[in-house]
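Subject: Structure handover and findings

Dear colleague,

I am passing on the structure we spoke about, together with some notes on what was found in it.

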Amino acid sequence: MREAIHNLEASKIREVANAGMGRSDVLAFWFGEGDEVTPEPIRRAAIESLQEGETFYAHNLGLPELREAVARYMSGLHPAIDAGRIAITSGGVSALMLAVQALVDAGDEVVAVTPVWPNLIAQPAILGARLRSVPLVPKEGQWTLELDALRAAVTSATKLLILNAPNNPTGWTLTRAEQQAILDHCRQTGTWILADEVYERLYYDEATFNGCAPSFLDVAAPDDRLVVVHSFSKSFLMTGWRLGWLVLPPTMVEDMGKLIEFNTSCTSVFTQRAGIAALAHSAEITPRVVAHLKTCRDTLVPLLAGLPGVQVAPARGGMYAFFRLEGFDDSLVLAKRLVAEAGLGLAPGNAFAPEAQGWLRWCFASQDPQRLVRGVERLRGWLAVQARA
Ligand SMILES: Cc1ncc(COP(=O)(O)O)c(C=O)c1O
């Protein structure tokens with residue numbers, strides 16, 4: 001076994017979830033997915049595809065009609081994007097891994113903005129990269145980027161900069177001005193940018209950006225050293241389908257096709273047909289999903305903020321409340337205690353970076369917002385017991 005694999009850290013989120021799985025009395029908010037089934041037109045498209053016998057290998061880069069549909073959809077949100085720049089992947093996580101495989105050699109320096117979903121750190125580590133992190137800084141519960149610290153960390157020795165905004169777990173988002181500044185800097189240092197924008201539609205500041213978070217695609221030219229990762233999982237309620245895509249500079253596309261051959265060869269055709277249906281219905285599905293998530297966020301965050309000793313700010317994007325409880329400094333111990341003693345399942349903040357030690361992540365994607373209210377009641381009750389102890 002390679003040392004890099006042997007040294008991979010087991011998921012702390014799983015560690016907490018394993019302690020509570022199978023217990024019907026636990027209200028679980030630990031994983032990053034909702035509890036609503038994929039919309040019917042999407043499921044129907046996959047069923048019809050299978051019934052028509054679409055059970056064969058497909059093109060490495062995806063069905064031309066899906067690549068076209070993705071390009072049309074993206075061009076509606078950002079400056080026009082050619083279908084030739086799109087590669088269909090088996091989920092966002094595979095898109096991320098492909099991008100890292102394509103860009104990073106063993107020993108290369110990779111900088112990541114953290115806290116972040118652990119997969120984004122593990123993937124370069126698997127390939128033997130040297131990782132450095134630029135921590136976001138919490139200010140009154142809102143995690144913020146110190147641009148100068150980022151600029152100081154990314155030098156001509158940095159092969160790749162990894163950013164995820166809107167961010168899992170903190171809800172941090174990048175402004176367009178920050179994206180422009182980061183792009184300008186990376187142009188100077190020759191650093192590639194890997195932008196994980198899977199949460200771009202789960203963005204709550206509609207006043208400024210019309211239902212879509214600022215994207216590096218809005219400021220970059222097609223031939224910039226920029227790879228953008230997307231997924232059907234969050235905006236179309238399709239986590240289990242494993243369907244995502246990459247937006248690539250034109251010169252990378254042919255090689256990416258070869259790399260996909262050696263990873264998954266292609267994404268199954270019936271899944272891609274489901275993707276085409278999802279995009280055809282995006283104007284109904286995504287705004288409904290986002291409006292509901294906003295209701296969930298606006299239900300949960302004020303209740304959390306009203307608890308004694310809680311530090312929290314409303315997420316600008318994504319589907320998580322990230323918060324801190326005064327007096328509880330070990331996230332993993334706290335998350336396990338909450339499962340055992342309060343029947344409340346949350347993800348420990350230190351799963352996402354050492355600097356998030358003491359924080360907890362609560363996925364607010366709940367079909368029934370009252371589940372969130374019940375969760376807060378459990379937390380309130382547990383805190384009251386601790387205060388008396
Ligand atoms: C930041 C981030 N990127 C990518 C993904 C990958 O999503 P999927 O592989 O389901 O497309 C996730 C999933 O939780 C995520 O949180």
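In what follows, a residue is called buried when its relative accessible area is under 20%, exposed when that value is over 50%, and partly exposed in between. Please also keep in mind that this is a predicted model.

With that cut-off in hand, helix α10, which runs over residues 253–263, has as its buried residues Val253, Met256, Gly257 and Ile260. Seen down the axis of α10, these buried residues fall within an arc of 105°, so they line one face of the helix. As for what the buried residues of α10 pack against, the partners are the helices α4 and α5 together with β2 (86–89) and β10 (244–247).

The residue Ser265, which has a positive phi near 70°, follows α10. Ser265 lies in the loop that runs between α10 and α11, and its positive phi is found here in a residue other than glycine.

Which residues of α3 are buried? They are Ile42, Ala45, Ala46 and Ser49, and because they cover an arc of only 95° around the axis, they sit on the same side of α3. The cover over the buried residues of α3 includes α11 (269–280) and α12 (282–305). After α3 comes Gly53, with a positive phi near 85°.

The largest pocket holds about 1300 Å³ of space, and 46 residues line it, with Ser11, Ile13, Trp117, Pro118 and Asn119 lying nearest its centre. Among the elements that each supply at least two residues of this lining are α2 (12–20), α5 (92–103), α6 (119–126) and β4 (130–135), and the largest share, 6 residues, comes from α6. By class, the lining of the largest pocket divides into 22 nonpolar, 14 polar and 10 charged residues.

The second largest pocket has a volume of about 240 Å³. Its lining is made up of 20 residues, of which Gly34, Asp35, Glu36, Leu237 and Ala365 lie nearest the centre, and the classes there are 8 nonpolar, 8 polar and 4 charged.

How many cavities of 30 Å³ or more are there? The count comes to 1 cavity, and about 50 Å³ of space lies in the largest cavity. The residues that line the largest cavity are Tyr73, Met74, Val198, Glu200, Arg201, His230, Ser231, Ser235, Phe236 and Trp245. Both α4 (64–77) and β9 (226–231) supply at least two residues each to that lining, which by class has 5 nonpolar, 3 polar and 2 charged residues.

Helix α4 also holds Glu68, which counts as partly exposed because its relative accessibility is 42%. The C-alpha atoms of Glu68 and Gly84 are separated by 8.3 Å, while the two residues are 16 apart along the chain.

Finally, there are some points of backbone geometry to look at in the loops. The peptide bond from Thr114 to Pro115 is cis, with omega near 5°, and Pro115 is found in the loop between β3 (109–114) and α6. Another cis peptide bond joins Ala165 and Pro166, where omega is about -5°; Pro166 lies in the loop between β7 (158–164) and α8 (176–189). Glu140, a residue other than glycine, has a positive phi near 50°. Glu140 is found in the loop between β5 (137–139) and β6 (142–144), and with a relative accessible area of 77% it is exposed.

With best wishes

Definitions and conventions: Residues are numbered from 1 along each chain as its sequence is written. This is a predicted model: local features need pLDDT of at least 70, side-chain atom pairs count only at pLDDT 80 or more; totals for chains, interfaces and linings use all residues. Side-chain values use heavy atoms; hydrogens and water are left out. Buried means under 20% relative accessible area, exposed over 50%, partly exposed in between (1.4 Å probe, protein chains only). Helices (H or I, at least four residues) and strands (E, at least two) are DSSP runs, numbered from the N terminus. The arc is that of the directions from the helix axis to the C-beta atoms. Contact means heavy atoms within 4.5 Å. On a 1 Å grid over the protein atoms alone, a cavity is a set of points where a 1.4 Å probe fits but cannot get out, and a pocket is an open set with protein on both sides within 12 Å along at least five of seven lines; lining residues have an atom within 4 Å of a point. Grid points are joined across faces, edges and corners, and a volume is the space filled by probe spheres set on the points. Ala, Val, Leu, Ile, Met, Phe, Trp, Tyr, Cys and Pro count as nonpolar, Asp, Glu, Lys and Arg as charged, and the others, Gly among them, as polar.
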